[in-house]
Amino acid sequence: MILGKSDGAAGEHGTTLDELFRRAGVRHPQATALMDPPNRESFTDGAPRELSYAEADLLISAFAARLHALGLRTDAVVAIQLPNTVEGVIALLGVLRAGMIAALLPLLWRQQDIVDALRGTGAKAIVTCARVGTHAPAKSAMLAAAELFPIRHICSFGRELPDGVMALDDLFAQTSINPNHGPARLGAPADHVAVLTFDVTAEGIVSVARNHAQLI
């Protein structure tokens, strides 16, 4: 899906958000790329993580490969509802590396908000987590998916997941990956839609598409 026409260096060179991350990793593979807040365990599952660019790049490719293994295709919309943790960045860049579009759901949205937001997007999957405080996003995602016919996959980080939810924590055990980025897109990569965000209007929740160049 191509949106508008990009301007400036990003558009001229076809640079995507994922490519910017890759370039930083080539220059400084052992530098720290991602770091969880130290109080992570107080609001979600898992101990705080710290990843180098090389480690993060491996996980991003592993996540993209997992999406392809599910049968999702280029420009498929994948909803993401994750807290501000390492997994949130890995999921976003993994969706982009797979050539797909990330629909970014606010963390506090519950079942009906998710349904209203995703109904018109054709989203094929939701990526979330088991726990944020006392809220169970994976459970809300399962309930929302029951009302949204196109959604076939609910994937989640964390422990004690509902039946039918695909666990993602095993990605952190990856030691190697043969990345498959799928078919090349036509046109400048930076002109393709990267994310969908959502505005709440008097008429309801409206999705807003933004390409790589706009975000950069």
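Leaving aside neighbours within four places in sequence, D199 is in contact (heavy atoms within 4.5 Å) with G204, I205, V206 and V208. The model is predicted, so local features need pLDDT of at least 70 and side-chain atom pairs count only at pLDDT 80 or more, while totals for chains, interfaces and linings use all residues. Residues are numbered from 1 along each chain as its sequence is written, and side-chain values use heavy atoms, with hydrogens and water left out.

D199 lies in strand β8; helices (H or I, at least four residues) and strands (E, at least two) are DSSP runs, numbered from the N terminus. With a relative accessible area of 37%, D199 is partly exposed, given that buried means under 20% relative accessible area, exposed over 50%, and partly exposed in between (1.4 Å probe, protein chains only). D199 and A117 are 82 residues apart along the chain, and their C-alpha atoms are separated by 9.2 Å.

A117 belongs to helix α5 (residues 111–118), where I114, V115, A117 and L118 are buried. The cover over the buried residues of α5 includes β3 (77–80), β4 (101–104), β5 (125–129), α6 (137–145), β8 (193–201) and β9 (204–211).

Turning to helix packing, two packed helices are described by the angle between their axes and the distance between the axes. Helix α2 (residues 17–27) and helix α4 (residues 86–97) pack at an angle of about 110°, with their axes 9 Å apart; axes are lines fitted to C-alpha atoms, for helices over the stretch in contact, and angles run from 0 to 180 degrees between N-to-C directions. α2 is therefore roughly perpendicular to α4, the class for angles of 65 to 115 degrees. The crossing of α2 past α4 is left-handed, meaning that the near helix is turned anticlockwise from the far one by less than a right angle.

On the α2 side, L17, D18, F21 and R22 meet L93, L96 and R97 of α4. The residues of this contact comprise four nonpolar, no polar and three charged (Ala, Val, Leu, Ile, Met, Phe, Trp, Tyr, Cys and Pro count as nonpolar, Asp, Glu, Lys and Arg as charged, and the others, Gly among them, as polar). D18, placed in helix α2, is buried, with a relative accessible area of 7%. Apart from neighbours within four places in sequence, D18 is in contact with I60, L93 and R97.

As for the cysteines, C129 is buried at 4% relative accessibility, and C155 is buried at 3%. The structure holds zero disulfides (pairs of cysteine sulfur atoms within 2.5 Å).

Note on methods
Angles under 35 degrees count as roughly parallel, over 145 as roughly antiparallel, 65 to 115 as roughly perpendicular and the rest as oblique.
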